[in-house]
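I opened my notebook with a few things to look up. Here is what I wrote down as I went.

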Amino acid sequence: MQAFSFSSAPLEPERYHAAIEDASAGGYASFEGWVRDHNEGRTVHGLEYEAFESLAVKEGERIVAEAVAKFGVTRAACVHRVGSLAIGDLAVWVGVSSAHRGEAFAACRYIIDEVKHRVPIWKKEHYTDGDSGWVNCERCAAAAHDHEHEHEQGPRHGHAHATGDFASHAHEHAAAVQHDYSRQIALPEVGRAGQAKLAAASVLVVGAGGLGVPVLQYLVAAGIGRIGIVDGDVIEASNLHRQPLYGIADVGRPKAAVAAERLRELNRDVRIEAHQTKATAENIDELVKDCDLVVECTDNFRAKFLVNDAVLRARKPAVFASVHQYEGQLQVYRPLPHWPCLRCLWPEAPRDGLVGNCAEAGVLGPVPATLGALQAMQALKRLLGLDAGETPSLVMVDLLSLETHRLAARRNPACDHDNPGRDTPTAGQPLELEYETLAAAFESGLELVDIRESWERAHDPPGLQIPTHLPLGELMHGHAEFPAEGRYLIICAHGVRSLSLTEHLRSRGQAEVYSLRGGLAALRG
């Protein structure tokens, strides 16, 4: 007998019993759930079950195997009805043979609880005054703990038999609190099969801040089966204006833990795992390995490139976003031969400080909220298979002008996706040059390029004039291009942004570019 299966015909418990019976086993437990004629005061005249069988059977077999290993039972199996069921029809059967009845009962309970939490099965109850719509059949096992009726008998070999009105009470519980996905199931591109894909999916979200909060809320509400949250920070009062998942009473508490609490209230169908730690080189591969997709939501480049390298090693898709004041950018990585990663655009991870984070540069809450919503949309598209034919690009969003620019992105042949994170060699010349005065820098023979933003230059003293001005924001957003030919000294306020841009240009083959060490702040006059 197959460990887990579906049947469109009436279930046959006697036949299933015979299939798992073992003469050497002294304990036998079975669980039966059937359809009753009422629910929450409403008359029920039937119900329907559907399942995404290719995923459901695999997960069901995994659950039965877990029970056998966990409780040391001899044999176990589960059969679930699909299609239309009438009042009194048997909806689900679980059977376990074991040396002792205690293990048999425990394994039987484990199987039915895990099936109802993890297997993508959908149900529609038909009432005399309408129907429930298609809803996910998870969380039903919780009701079973409260409503099961068990009794023991000894028909053969001292076997024990347990029977419960699981299905009927599960219907009652689900109707009261079941999360409703009907609006997205109504989309022809989603449907029940697509919803089942989401229920079987696992997503890792790295960062539970301004980007991570909307990502988590939308993915949990959509019914992703399992979501991991990675964040080692505690909630600060300054977070609240752009991270509305948290409140004043949460200040000082771990973000991952609080986020998990709030999200479980939003949708109890979803299994949420909180990792109260920062992503590090030591833990990132372990965190990534068991998920289907990663959404990177931190505000620092170190973490972004750490995740980038991990998803390349694991061959997992990922969605990245970043925010600067009123703007943001979005990039999707797919493990395809032609698809670019972050290092294809930035062969060397930009140093933190190249672009100020929210604490340094400031931000309005709707900016990360918008970018986070876009990340969630990209994640759902990938999990539902709605991104077929999509070409790689970097999407720039300006929330002030409401302009969106899509920049074509190409894989850099020099980027080694099989060995991500390796150091990219640069030319033999030093990256930084040091001058005591701006006049000395002008006399070097290099063309000086000021990459500060216009608002920074507005505060310069009258004698400070650098004619060539290419704001880094315009370079990053594709509104300006750095000259491909010539010898240049790149200047910013403190030498951090200029060094990162110099490293980037060197990696693209421009050998005659240098950064002013320490920036303008280091000059004596």
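These entries cover a sheet, some salt bridges and a surface patch.

**Before starting.** I note that this is a predicted model.

**Entry: the sheet.** I looked up the strand order and found an open sheet of five strands, S19-S23-S22-S20-S21, paired in parallel. Strands S19 (432–433) and S21 (468–469) are at the edges with a single partner strand each, so one side of each has no neighbour in the sheet. I then checked how S19 is held: two bridges join S19 to the parallel strand S23 (residues 513–516). Leu-433 has Leu-516 in S23 as its bridge partner.

**Entry: a helix over the sheet.** Which strands does helix H18 lie across? I found helix H18 (residues 496–507) across S19, S22 (488–491) and S23, and it runs at about 170° to S23.

**Entry: salt bridges.** My count came to 28 salt bridges.

Glu-114 pairs with Arg-271, with the closest N and O atoms 3.4 Å apart. Glu-114 belongs to helix H3 (residues 101–118) and Arg-271 to strand S13 (residues 271–275), so this pair ties together parts that are 157 residues apart in sequence. Are the two partners buried or exposed? Glu-114 is buried at 15% relative accessible area, while Arg-271 is partly exposed at 36%. I also looked at what else this pair belongs to: Glu-59, Arg-62, Glu-66, Glu-114, Arg-118 and Arg-271 are linked in a network of salt bridges.

Asp-387 forms a salt bridge with Arg-382, and here the closest N and O atoms are 2.6 Å apart. Since buried means under 20% relative accessible area, Asp-387 at 5% is buried. Arg-382 is partly exposed at 26%.

Glu-286 and Lys-289 meet through their side chains at 3.1 Å, N to O. Glu-286 counts as exposed, because its relative accessible area of 51% passes the 50% cut-off. Lys-289, at 44%, is partly exposed.

Entry: I traced Leu-364 to the loop between helix H13 (358–361) and helix H14 (366–384).

Technical notes:
Residues numbered from 1 in each chain as written. Predicted model: local features only at pLDDT ≥ 70, side-chain atom pairs only at ≥ 80, totals over all residues. Heavy atoms only, no water. Helix = DSSP H or I, 4+ residues; strand = E, 2+ residues; numbered from the N terminus. Pairing = 2+ DSSP bridges. Contact = heavy atoms within 4.5 Å. Axes fitted to C-alpha atoms, helices over the stretch in contact; angles between N-to-C directions. Salt bridge = Lys/Arg side-chain N within 4 Å of Asp/Glu carboxyl O. Buried < 20%, exposed > 50% of the residue type's maximum accessible area, 1.4 Å probe, protein only.
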